[in-house]
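Have the picture open and follow along.

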Amino acid sequence: MINSPIRGSKQDRSPGESLFTEERLCNAAWAFTTRRVPRNETYQIYNKKMTPRAGDLVLARVDVLGHHRGLQLRCGRRKSLFSGDEIVVAYGNRYASSQFEAIVPRTLGPCQLVAGGGVAGKALSWHNRISRGPTEITPVGVLFRPDGKRVNLQEYALEEVTCFTNRWPPTIAVVGTAMDAGKTDAAAFLVRGMVEAGQRVGYAKVTGTGAGGDTWLLKDAGADPVLDFTDAGYTSTYRLEAKDVERVCHTLVAHLAKSGVDAIILEVADGLLQDETAALLQSEVFRAVTSAVLFTARDSMGAVAGVNRLREYDLPVVGLSGVLTAGPLQCEEATTATGLPTYSREELAEAAVARGILAWIDEQEVDAGSAGAIAG
């Protein structure tokens, strides 16, 4: 065994007591981010001096409840957390302008639960509205496989795809000004409209931080398959190199296309000024796989600025949606300034609107398949 005691709870300080029992790990709550890792294998727990890596799975104890008072489980249920609960989560960075910025800590010391999907990190800052601060946790130890390798999400990722060999279906990317612009709702309702139009639709969230809410919403809307960057082996895409984000996008789209869907909805997290998002939108990979962009914004000024930026990137924008569609005057201003139609959530769920967007793609003669193979 490679287990060793850790300073912390009374239980963990018991002389000679092993940290690891199958029952203890079995009784822990495994978060959404761990869903690709089999639970029926024998793991060991290691807590000697080491540096965590993004994607490493860690058994941790909940110390003090803060902003995240629940944990999204692998099955989709949200578990209420209590002090003393033990959870299995993944180390990761986080960028969320309305919540936390966090990074992978350098030690196995106490840190924070920085996302409800199960992300352990060191919180650097958070939004003023988060009055309780982050939930405090103490790592018990990192999970290791019997072969001595760390249990890391990379080991359980989808097969990487480096080139397309076939044509792929119309792909609509949902992009926004910032967090909470209405991207996920727009994607879900557009999926619903596509389904109503008789299309089989796949969905992928290509950037962001691991969280189950979006996945379950898109499944409920009718998307199948539903993938995100955790399926590509990453807890989050914050601080990834541009080539790695492109590889995630490429791999997820390829797997959706391979499943035989009629259309693909992609969601790109955060806003146009976020580093990884900005780099992805300007990449050859993104332009090659994207047939149209649906842009979401909270207000008309944001919509105008965002559309101008996307047009600078030579991306085909098909329309506007998001929070701004709650205000008729905002919609009028945005349409006048951009020449683009606006779509409320309810309108996106209509088969006629979905067919109209697909027809627009045909008219633009944007056929992602004609772009040919992309160098990996």
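In which strand is the place of Asp228? Asp228 sits in strand β14, residues 226–228. Before going on, a word on ground rules: this is a predicted model, where local features need pLDDT of at least 70, side-chain atom pairs count only at pLDDT 80 or more, and totals for chains, interfaces and linings use all residues. Residues are numbered from 1 along each chain as its sequence is written, and side-chain values use heavy atoms, with hydrogens and water left out.

**Around Asp228**

Asp228 has a relative accessible area of 4%, so it is buried (buried means under 20% relative accessible area, exposed over 50%, and partly exposed in between, with a 1.4 Å probe and protein chains only). Leaving aside residues up to four places away in sequence, Asp228 touches Phe32, Arg35, Lys205, Ala211, Thr215 and Leu252 (a contact means heavy atoms within 4.5 Å). Its side chain also makes a polar contact with the side chain of Thr230, at 2.3 Å. A polar contact here is a pair of N or O atoms within 3.5 Å; within protein, one must be able to donate a hydrogen and the other to accept it, and residues adjacent in sequence count only if both atoms are side-chain atoms.

Another Asp to look at is Asp244, in helix α4 (residues 242–258). With a relative accessible area of 13%, Asp244 is buried, and a polar contact of 2.9 Å joins its side chain to that of Arg247.

**The overall picture**

Zoom out and you'll find 10 helices and 17 strands. These are DSSP runs numbered from the N terminus: helices are H or I with at least four residues, and strands are E with at least two. The protein has 376 residues, and 57% of them count as buried. Among contacts between residues at least 6 apart in sequence, 73% join residues at least 24 apart.

Phe144 belongs to strand β11 (residues 135–144), and it counts as buried because its relative accessibility is 8%.

Now find helix α8, residues 328–338, where Cys331, Ala334 and Thr338 are buried. Looking down the axis of α8, the buried residues fall within an arc of 70 degrees, so they line one face of the helix (the arc is that of the directions from the helix axis to the C-beta atoms). On the other side of α8 you'll see Pro328, Leu329, Glu332 and Thr336, which are exposed. What covers the buried residues includes α7 (300–312) and β17 (317–321).

Most residues other than glycine have a negative phi, and most peptide bonds are trans.

| Residue | Phi |
|---|---|
| Gly339 | about 75 degrees |
| Arg239 | about 75 degrees |
| Asp314 | near 65 degrees |

Arg239 is in the loop between β14 and α4, while Asp314 is in the loop between α7 and β17. Asp314 counts as exposed because its relative accessibility is 62%.

There's also a cis peptide bond, joining Asp224 and Pro225, with omega of about 5 degrees. Pro225 is in the loop between α3 and β14.

How much space lies in the largest pocket? About 530 Å³. Of the 28 residues that line this pocket, the closest to its centre are Arg94, Met179, Thr184, Lys205 and Asp214. The elements giving two or more residues to the lining are β7 (94–95), α2 (183–196), β13 (201–205), α3 (212–221) and β15 (263–271). By class, the lining divides into nine nonpolar, 11 polar and eight charged residues. Ala, Val, Leu, Ile, Met, Phe, Trp, Tyr, Cys and Pro count as nonpolar, Asp, Glu, Lys and Arg as charged, and the others, Gly among them, as polar.

On a 1 Å grid over the protein atoms alone, a pocket is an open set of points with protein on both sides within 12 Å along at least five of seven lines, and lining residues have an atom within 4 Å of a point. Grid points are joined across faces, edges and corners, and a volume is the space filled by probe spheres set on the points.

Technical notes: On a 1 Å grid over the protein atoms alone, a cavity is a set of points where a 1.4 Å probe fits but cannot get out, and a pocket is an open set with protein on both sides within 12 Å along at least five of seven lines; lining residues have an atom within 4 Å of a point.
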